[in-house]
Amino acid sequence: MVEKTCKERTTDIKILVVGDIDGVVANPGDRLRHISGGKNWDRFYGAEMANDSYIKQNGDLLQKLSFGEDAQLLFLTGRPERTHELTRLWLNEHLGGVVDYWIACRHDDDHRKSPIVKAEMLREFLTHYEGILDPNMIVFLFDDDPDNLKAMEEVLNEFKFGYEYETYTVGTGRI
């Protein structure tokens, strides 16, 4: 589910910046203990997310690339929909309202692998908002999982709007 609708845009999207949250702008740090060994996703995606540190260099880059009326920042996250509000509050705190952003979260009951989910979310976004996508749009993809990037690249190649894209695998530097 994408947070906003195309009716809220007054200009076409000429630059689309797609970013992950965990591992790209949020360092899950201590939360990783919940998915080491046995996977406790409910704990991993619990209230502790509010304490994630901000990965400033990545956040600053995403903001710079998505600054301006013709640019849009879209976060595609594996976080479940039930965390949408907490995620939005965390992003507001760290992005400081400098850029407008949209969030697409995984459905609460969706346990498929991240590349499948993110490819589907991007496909839904591109289909739903096709009317406001500039035919020569530039797309930047940022994720800490190369498999997610590959899946999203495949989706972009399906649409062939004529736009260019770049992909970036970023790391958190977490220990």
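Modeller: Helices are DSSP runs of H or I with at least four residues, strands are E runs of at least two, and both are numbered from the N terminus. On that basis, Thr127 has its place in helix α4. Please keep in mind that this is a predicted model.

Biologist: Understood. How many helices and strands are there in the chain?

Modeller: The chain has five helices and seven strands. Along the sequence they follow the pattern β-β-α-β-α-β-α-β-α-β-α-β. The chain has 175 residues, of which 47% count as buried.

Biologist: And what share of the contacts join residues at least 24 apart?

Modeller: It is 79%, taken among contacts between residues at least 6 apart in sequence.

Biologist: Back to α4, then. At what angle do the axes of α4 and α5 cross?

Modeller: The axes of α4, residues 114-128, and α5, residues 146-159, cross at roughly 30° and come within 8 Å. Angles under 35 degrees count as roughly parallel, and α4 and α5 are therefore roughly parallel to each other. The crossing of α4 past α5 is right-handed.

Biologist: Which residues make the contact?

Modeller: From α4 the contact takes Ser114, Pro115, Lys118, Ala119, Leu122, Arg123, Leu126 and Thr127. From α5 it takes Asp147, Asn148, Ala151, Met152, Val155, Leu156, Glu158 and Phe159. By class, nine of the residues in this contact are nonpolar, three are polar and four are charged.

Biologist: What is Lys118 in contact with, leaving aside its neighbours within four places in sequence?

Modeller: Lys118 is then in contact with Asp20, Leu76, Thr77, Gly78, Asp143, Asn148 and Met152.

Biologist: Let us turn to the core. How many residues has the largest nonpolar core?

Modeller: The largest nonpolar core has 24 residues. Those with the most contacts inside it are Ile13, Leu16, Val18, Leu76, Leu122, Phe125 and Leu126.

Biologist: Which elements give two or more residues to this core, and which gives the most?

Modeller: The elements giving two or more are β1 (13-19), β4 (71-80), β5 (101-106), α4, β6 (133-143) and α5. Helix α4 gives the most, with six residues.

Biologist: What does Val18 touch?

Modeller: Not counting residues up to four places away in sequence, Val18 touches Leu74, Leu76, Leu122, Val139, Phe140, Leu141, Phe142 and Met152. A second, separate core has 19 residues, including Ala26, Phe75, Leu91 and Val170.

Biologist: One more topic, Ser53. Where does Ser53 lie?

Modeller: Ser53 lies in strand β3, residues 53-54. At 38% relative accessibility, Ser53 counts as partly exposed. Leaving aside neighbours within four places in sequence, Ser53 is in contact with Val25, Ala26, Asn27 and Trp90. The C-alpha atoms of Ser53 and Trp90 are separated by 9.9 Å, with the two residues 37 apart along the chain.

Note on methods. Residues numbered from 1 in each chain as written. Predicted model: local features only at pLDDT ≥ 70, side-chain atom pairs only at ≥ 80, totals over all residues. Heavy atoms only, no water. Axes fitted to C-alpha atoms, helices over the stretch in contact; angles between N-to-C directions. Parallel < 35°, antiparallel > 145°, perpendicular 65-115°, else oblique. Left-handed = near helix turned anticlockwise from the far one by under 90°. Contact = heavy atoms within 4.5 Å. Nonpolar A, V, L, I, M, F, W, Y, C, P; charged D, E, K, R; others polar. Core = buried A, V, L, I, M, F, W, Y, C linked by side-chain atoms within 4.5 Å. Buried < 20%, exposed > 50% of the residue type's maximum accessible area, 1.4 Å probe, protein only.
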